[in-house]
Every structure is written in structure tokens, then in C-alpha cells.
Amino acid sequence: ALTDAIGFIPMAFSASAGAEVQRPLATVVIGGILTSTTLTLVVLPAVYSRWGLPSKTTPETEEPEETEEPEELSFAMPEDLPPPT
């Protein structure tokens, strides 16, 4: 993202024909890239660590749930199949 923002700097300081349209556009794009990068890398992890999902650790006093054994599956072996006709 930093390289994208740096790439728009010449457009932001341009004085050539059409610069009156390019300068505000470049300024907005650079600001958006830097803002979204900051929010993604700094603010979002801080918010998630503060109010995110609780950890999946179980208290030691809880008994583990009993799980039922799955029914045994039977598969036809080649010697059990009828001969091809």
C-alpha cells in the first residue's frame, strides 16, 4: 500500500495540463490508501483483541462431553460383488 501511495505523489504535485483534476483525485486516493492501511493494520486488531470472540479454553472443572461411537460401516469388497454379466 505504501508503494501505491508513493506512486500517486507525482500526480498530486503535477503542474501540467489537467492537473486541476488530477491533484484532488491523487490526494483523495493517497489519503484513502493510508487510512485503510492504518485501520487494517492497527485499529482493527486492537478492537478485535478488546471486544473480539472469547478464547476457546474450557475451565478445568467441566467434564468433557461424551461422544457417541459412530456406527460401523460395511463396504462391499470385490470378492463379495456378483460377477459382471
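What share of the 85 residues in the chain is buried? In this predicted model, buried residues make up 8% of the chain. The accessible surface comes to about 8200 Å². Carbon and sulfur atoms account for 63% of that area.

The secondary structure consists of 3 helices and 0 strands. Along the sequence, the pattern reads α-α-α. Helix α2 covers residues 9-12, and helix α3 covers residues 19-51. A loop that includes S14 lies between α2 and α3.

In soluble globular proteins, nonpolar side chains tend to be buried together. Here, the largest nonpolar core has 5 residues. Its members are A5, A12, A26, I30 and I33. Helix α3 supplies the largest share of this core, with 3 residues. Contacts of I30 illustrate how the core is joined to other parts of the sequence. Leaving out residues up to four places away in sequence, I30 touches A5, F8, I9 and A12. Two of these partners, A5 and A12, are listed with I30 in the core.

The loop between α2 and α3 was examined next. S14 lies in this loop. Its relative accessibility is 13%, so S14 counts as buried, because the cut-off for buried is under 20%. S14 touches A19, Q22 and R23, with residues up to four places away in sequence not counted. A19 belongs to helix α3. With a relative accessible area of 1%, A19 is therefore buried as well. Apart from neighbours within four places in sequence, A19 is in contact with S14 and P24.

Conventions. Residues numbered from 1 in each chain as written. Predicted model: local features only at pLDDT ≥ 70, side-chain atom pairs only at ≥ 80, totals over all residues. Heavy atoms only, no water. Core = buried A, V, L, I, M, F, W, Y, C linked by side-chain atoms within 4.5 Å. Buried < 20%, exposed > 50% of the residue type's maximum accessible area, 1.4 Å probe, protein only. Helix = DSSP H or I, 4+ residues; strand = E, 2+ residues; numbered from the N terminus. Contact = heavy atoms within 4.5 Å. Areas by Shrake-Rupley, 256 points an atom, 1.4 Å probe, with all protein chains shown as cover.
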